[in-house]
Amino acid sequence: MSTQTANSGKVALVTGGNRGIGLETGRQLAALGFTVLLGARDFAKGEAAARQLGGKVEAIALDVAAPDAAALAAAEIERRFGRLDVLVNNAAIHYDPRARALKPDWTVIREAFETNVFGAWRIAAGCAPLLSTSGHGRLVNVSSEGGSLASMGAGAPAYSTTKATLNALTCILAAELRGAGVLVNAICPGWVATDMGGPGGRPVAQGAAGIVWAATLPDDGPTGGFFRDGKRLPW
Ligand SMILES: NC(=O)c1ccc[n+]([C@@H]2O[C@H](COP(=O)([O-])OP(=O)(O)OC[C@H]3O[C@@H](n4cnc5c(N)ncnc54)[C@H](OP(=O)(O)O)[C@@H]3O)[C@@H](O)[C@H]2O)c1
């Protein structure tokens with residue numbers, strides 16, 4: 001059976017799917033045969049992105065920072081598909097390398113946690129029953145080596161603490177979903193040339209490939225791990 005046929009009928013949701021790594025992840029999953037839902041806080045941008053990709057790709061309104069967003073999106077996916085095979089928690093904000101923890105900007109820090117941590121958390125919790133129904137669910141938290149405690153240094157206080165927390169959440173979710181056939185991993189895409197990463201990073205296709213790897217792991221694949229390019233990173 002071809003990969004496309006094997007994935008035909010499978011449904012993937014990518015948050016922050018209207019540009020950058022999320023959009024490219026959607027492109028690659030669609031090429032593998034998935035029906036892809038591009039989550040976008042601005043639905044019009046999501047629709048434009050879906051049109052750009054073509055194929056079995058559509059937009060879904062999803063502001064991960066909105067308290068009721070997860071429930072609404074999960075209800076729509078339940079109604080239309082009855083399950084979810086892949087969730088990619090990709091949406092994130094506030095990479096703040098020049099900021100310092102000793103001069104905290106609480107607005108930035110709170111906003112970063114609301115999107116990067118609570119956003120991913122509420123979508124994961126909202127979609128967990130649908131991922132469990134799949135029987136082969138894959139939950140990918142798009143993290144960053146910036147969240148690794150093993151190499152944590154000065155700067156980027158909002159971003160790094162949110163990604164470290166997302167990593168912790170990954171371990172907890174993996175444990176809570178063990179037995180439901182759902183593999184949960186944190187993935188660093190590397191430094192990627194997007195609006196967030198800026199110029200000089202590697203091509204977006206390369207960054208997204210590691211996410212797609214985690215989204216398409218075989219049933220005996222790893223869970224509760226932290227990876228870049230399919231290789232383990234230290235927590
Ligand atoms: N680029 C890098 O070098 C790099 C390195 C390590 C990790 N990462 C991680 O990779 C992921 C993608 O990064 P990127 O470089 O593609 O970032 P990006 O170019 O800034 O794109 C971020 C995406 O997230 C969306 N988003 C932000 N807040 C949202 C919300 N509340 N609800 C829904 N969507 C929201 C944005 O939507 P709008 O268009 O509406 O703003 C956009 O689609 C992030 O988790 C990031 O931390 C990136």
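Hi everyone, let me start with a pair of helices: α4 and α5 run roughly parallel to each other. Before I go on, please keep in mind that this is a predicted model.

The angle behind that description is about 25°, and the two axes are 8 Å apart, with α4 covering residues 69-81. The crossing of α4 and α5 is right-handed. On the α4 side, the residues in contact are A70, A71, A73, A74, I77 and E78, and they meet R122, I123, A125, G126, C127 and L130 of α5. Sorted by class, that contact has 9 nonpolar, 1 polar and 2 charged residues.

Now stay with α5 and look at its other partner in my talk, α6. Their axes come within 9 Å and cross at roughly 15°. An angle under 35 degrees counts as roughly parallel, so α5 and α6 are roughly parallel to each other. Here, too, the handedness can be given: α5 passes α6 in a right-handed crossing. From α5 the contact draws on residues including V108, I109, A112, F113 and W121, while α6 brings, among others, A158, Y159, L166, L169 and L173. The class count for this contact is 15 nonpolar, 3 polar and 1 charged residues.

On to the core. Which residues have the most contacts inside the largest nonpolar core? They are A12, L38, L87, V88 and C127, in a core of 63 residues. The largest share of this core comes from helix α5, residues 106-134, with 9 residues. Take L87 as an example: leaving aside residues up to four places away in sequence, L87 touches L13, I123, A124, C127, L131 and L139. There is also a second, separate core of 6 residues, and A99, A112, A156 and A158 are among them.

That brings me to A156, which deserves a moment on the backbone. A156 is not a glycine, yet its phi is positive, about 45°. Where does A156 sit? Its place is in the loop between β5 (138-142) and α6 (157-177). Is A156 buried or exposed? A156 counts as buried, because it has 23 C-beta neighbours inside 10 Å.

D229 lies in the loop between β7 (225-228) and β8 (231-232). With 14 other C-beta atoms within 10 Å, D229 is partly exposed.

Conventions: Residues are numbered from 1 along each chain as its sequence is written. This is a predicted model: local features need pLDDT of at least 70, side-chain atom pairs count only at pLDDT 80 or more; totals for chains, interfaces and linings use all residues. A nonpolar core is a set of buried Ala, Val, Leu, Ile, Met, Phe, Trp, Tyr and Cys residues joined through C-beta atoms within 7 Å. A residue is buried if 20 or more other C-beta atoms lie within 10 Å of its own, exposed if 12 or fewer, and partly exposed in between; C-beta atoms are placed from the backbone. Helices (H or I, at least four residues) and strands (E, at least two) are DSSP runs, numbered from the N terminus. Two residues are in contact if their C-beta atoms, placed from the backbone, lie within 7 Å. Axes are lines fitted to C-alpha atoms, for helices over the stretch in contact, and angles run from 0 to 180 degrees between N-to-C directions. Angles under 35 degrees count as roughly parallel, over 145 as roughly antiparallel, 65 to 115 as roughly perpendicular and the rest as oblique. A crossing is left-handed if the near helix is turned anticlockwise from the far one by less than a right angle, and right-handed if clockwise. Ala, Val, Leu, Ile, Met, Phe, Trp, Tyr, Cys and Pro count as nonpolar, Asp, Glu, Lys and Arg as charged, and the others, Gly among them, as polar.
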